[in-house]
Amino acid sequence: IESFGMNAGLVWNASTDGGRMDVKTIKKATKIKPDNELYAAFGWLAKENKIAFEEEDANLMVSLI
């Protein structure tokens with residue numbers, strides 16, 4: 001669970017610096033591997049109502065709230 005919080009912080013920082021981004025860009029910026037750890041970080045931030053998701057041209061876009 002501790003790594004979920006740390007990864008959530010990496011996603012938060014990348015989103016603050018890059019604004020609205022697709023999942024591939026966030027993964028590259030944070031270097032979080034594997035995918036399930038990235039999605040766990042998204043879940044952590046979503047539960048805290050800190051990020052929003054939108055689908056655009058078959059891409060999942062993530063932005064801070």
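The following legends describe close-up views of a predicted model.

View 1. Three strands make up an open sheet in the order S1-S3-S2, with antiparallel pairing. Strand S1 (21–22) and strand S2 (51–56) each have a single partner strand and stand at the edges, so one side of each is left without a neighbour in the sheet. Helix H3 (residues 35–47) packs on this sheet, where it touches S2 and S3, and its direction makes about 120 degrees with that of S2.

**View 2. Strand pairing around S3.** S1 is joined to strand S3 (residues 59–64) by 2 bridges, the two strands running antiparallel, and Asp 22 has Met 61 as its bridge partner in S3. S2 and S3 form a hairpin with 2 residues between them, and in the turn Asp 57 has a positive phi of about 50 degrees.

**View 3. The salt-bridge network at Arg 20.** Arg 20, Glu 54 and Glu 56 are linked in a network of salt bridges. In the contact between Glu 54 and Arg 20, the closest N and O atoms are 3.5 Å apart; Glu 54 lies in strand S2 and Arg 20 in the loop between H1 and S1, so this pair ties together parts that are 34 residues apart in sequence. In the salt bridge of Arg 20 with Glu 56, the closest N and O atoms are 2.8 Å apart, and because Glu 56 likewise lies in strand S2, the pair ties together parts that are 36 residues apart in sequence. Relative accessibility is 37% for Arg 20 and 35% for Glu 56, while Glu 54 has a relative accessible area of 43%; Arg 20 counts as partly exposed, as do Glu 56 and Glu 54.

**View 4. The salt bridge between Asp 35 and Lys 27.** The whole structure holds 4 salt bridges, and one of them joins Asp 35 to Lys 27, with the closest N and O atoms 2.3 Å apart. Asp 35 is partly exposed at 38% relative accessibility, and Lys 27 is partly exposed at 28%.

View 5. Asn 7 is placed in helix H1 and counts as buried, at 9% relative accessibility. Apart from neighbours within four places in sequence, Asn 7 is in contact with Ile 32, Glu 37 and Ala 41. On the surface, Ile 1, Phe 4 and Trp 44 form a nonpolar patch that has about 310 Å² of accessible area together. Ile 1 belongs to the segment before helix H1 (2–18) and is exposed, with a relative accessible area of 75%.

Key
Residues numbered from 1 in each chain as written. Predicted model: local features only at pLDDT ≥ 70, side-chain atom pairs only at ≥ 80, totals over all residues. Heavy atoms only, no water. Pairing = 2+ DSSP bridges. Helix = DSSP H or I, 4+ residues; strand = E, 2+ residues; numbered from the N terminus. Contact = heavy atoms within 4.5 Å. Axes fitted to C-alpha atoms, helices over the stretch in contact; angles between N-to-C directions. Patch = residues over 30% accessible without salt bridge, like charges linked within 9 Å, V, L, I, M, F, W, Y side chains within 5 Å. Areas by Shrake-Rupley, 256 points an atom, 1.4 Å probe, with all protein chains shown as cover. Salt bridge = Lys/Arg side-chain N within 4 Å of Asp/Glu carboxyl O. Buried < 20%, exposed > 50% of the residue type's maximum accessible area, 1.4 Å probe, protein only.
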